Amino acid sequence: MTSNRPEAGVRASQVLRNPKVWLAPTIIICTVGFLLSLLYMGGIVNPRGDLHRLPIGLINSDQGAVVAGQQLNLGAQITEGIADAPDPGDQVNWRLLDRAGADDLLSKGKLAGALEVPAGFTAAVAALGTPAGPQPPPRPTMTVLTNPGVGSLASSLASQISQAAARQASVQLGKTLTAQAQAQAQQPGQPAGGGATNAAALQLADPVTVEVTVGHPIGAHSGLGLTAFYYTLLLVLCGFLGANVIGNGVDVALGYAASEVGPIRTQRPLVRISRTQTLVITSVMSVGLSLLTSSLVMLATVVVLGMDASHLPLLWVFSVCATSAVGLGAQALLAAFGGIGQLISMFVFIALSLPSSGATIPLYALPDFYRWLAEFEPMRQLSDGVRAILYFDAQADAGLARAWTMIAIGTVAALVFGFAMTTYYDRKGLHRFHPEAA
């Protein structure tokens with residue numbers, strides 16, 4: 001009688017003392033851990049220092065006023081002064097716009113925020129120098145417009161920069177007003193003690209009130225502009241993990257891999273099938289199952305959790321196509337590189353894609369390397385499309401047109417690469433089954 005028990009002479013200590021057992025796992029795990037640390041942390045360590053040409057609108061709605069017999073428009077002076085101020089790091093891309101133009105760009109995600117000098121600003125500043133009446137004159141205001149749809153960090157950076165610029169403009173304007181008030185108080189014929197009170201002097205020194213308001217509002221259940229990123233992440237994970245599960249399941253079904261559930265191990269008879277035909281099977285399954293996974297993602301996020309979402313049919317079609325494209329790309333890499341294809345696809349679709357997506361850290365605050373990756377890495381393309389659908393009324397120039405284009409390019413590239421490699425292997429006789437099994 002034969003025994004199914006393993007040989008008693010082989011012990012774990014003997015295996016562990018073999019350097020060859022340690023070599024491959026050590027190299028792979030250490031390399032992956034080091035690279036992941038560099039890639040993930042390299043994009044978020046210093047977003048303010050890496051900031052490059054963050055687009056912020058400058059709006060002058062001030063019509064000007066006649067002051068001391070001269071036509072004056074302080075709004076134009078302030079906005080032009082901010083735009084022309086030195087910016088050695090080229091961190092901000094100030095764009096001089098009217099309110100309609102700024103609203104249009106905010107609604108398409110083309111601006112991270114805006115700073116507006118409102119109508120009547122010059123008149124409000126001029127009123128500060130008039131004799132006090134029963135009621136003090138209202139303080140001039142400047143308005144910071146935020147755009148949470150571009151992401152909480154991008155909107156926050158734009159708001160901070162705009163507020164700082166408004167404060168600086170207020171201080172510069174205050175110096176001019178204070179000098180004028182002092183000169184007027186020293187003119188002959190002014191009554192003694194006619195200078196400004198301490199409160200009035202403080203108001204002149206910093207005359208402008210800065211208000212912050214939402215320039216392009218999004219829903220309360222939009223995760224402060226982060227639901228687009230996490231929804232995209234779900235689509236990518238469904239495509240990536242689905243491809244790996246499908247690939248393993250097909251290998252088990254065709255007898256190229258064993259199935260282990262607890263202590264039970266089963267090995268099905270080998271089905272002699274070409275690599276190309278195997279890729280056909282896994283690709284069709286990836287596309288087919290993307291219909292189900294995309295539906296479940298929408299069911300969980302929109303129906304169960306109540307995520308704010310519009311254009312639901314379009315969102316579903318986009319989700320299916322995005323998940324399918326990722327799945328086909330992962331299947332192509334698995335077919336071309338075998339087991340190591342899992343690591344390669346992980347770097348392509350996860351490790352390199354996440355930090356270059358521009359969803360949590362905006363592209364404008366990423367190092368040059370990540371901005372280069374963002375030109376073709378899938379997460380950025382897909383998140384732009386989802387963001388356009390969720391926050392920007394599915395406008396084509398809000399990123400949706402580019403997303404569709406990149407989905408099409410990625411799908412074609414995956415199919416061409418995958419089937420080119422499997423056809424080459426088949427023609428060379430590089431079949432998957434061992435020669436002894438032929």
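This is a predicted model: local features need pLDDT of at least 70, side-chain atom pairs count only at pLDDT 80 or more; totals for chains, interfaces and linings use all residues.
The chain contains 14 helices and 9 strands. Of its 438 residues, 40% count as buried. The accessible surface of the chain amounts to about 23000 Å², and carbon and sulfur atoms contribute 64% of this area. Among the contacts in the chain with a separation of 6 or more, 77% are between residues 24 or more positions apart.

Strand β1 is mostly covered, with 6 of its 7 residues buried. Two pairings involve this strand. With strand β4 (residues 92-97), β1 pairs in the parallel sense over 6 bridges; in this pairing, Pro55 stands opposite Asn93. With strand β5 (residues 113-117), β1 also runs parallel, and 5 bridges join the two. Here Ile59 is placed opposite Glu116 of β5.

The loop between β1 (54-60) and β2 (65-67) includes Ser61. The relative accessible area of Ser61 is 22%; this residue is therefore classed as partly exposed, since the buried class requires a value under 20%. Leaving aside residues up to four places away in sequence, Ser61 touches Arg99, Glu116, Val117, Pro118 and Ala119. One of these, Glu116, is joined to Ser61 by a polar contact of 2.8 Å between the side chains. Glu116 is also the residue of β5 that stands opposite Ile59. For Pro118, another of the residues touched by Ser61, the C-alpha to C-alpha distance to Ser61 is 4.8 Å, although 57 residues separate the two in sequence.

Helix α11 (residues 341-351) has as its buried residues Gly341, Ser345, Phe347, Phe349, Ile350 and Ala351. These buried residues pack against four helices, namely α2 (19-42), α8 (227-253), α10 (312-337) and α13 (378-391).

A nonpolar patch is present on the surface, formed by Ile281, Met285, Leu289, Leu292, Leu296, Leu299, Val303, Val304 and Leu305. Together these residues have about 840 Å² of accessible area. Met285, one of the patch residues, is found in helix α9 (residues 275-304).

Conventions: Residues are numbered from 1 along each chain as its sequence is written. Side-chain values use heavy atoms; hydrogens and water are left out. Buried means under 20% relative accessible area, exposed over 50%, partly exposed in between (1.4 Å probe, protein chains only). Contact means heavy atoms within 4.5 Å. A polar contact is a pair of N or O atoms within 3.5 Å; within protein, one must be able to donate a hydrogen and the other to accept it, and residues adjacent in sequence count only if both atoms are side-chain atoms. Patches are made of residues with over 30% relative accessible area and no salt bridge: like charges are joined within 9 Å, nonpolar side chains (Val, Leu, Ile, Met, Phe, Trp, Tyr) within 5 Å. Accessible areas come from the Shrake-Rupley method with a 1.4 Å probe; for residues, only the protein chains shown count as cover. A salt bridge is a side-chain nitrogen of Lys or Arg within 4 Å of a carboxyl oxygen of Asp or Glu. Two strands pair if DSSP finds at least two bridges between them.
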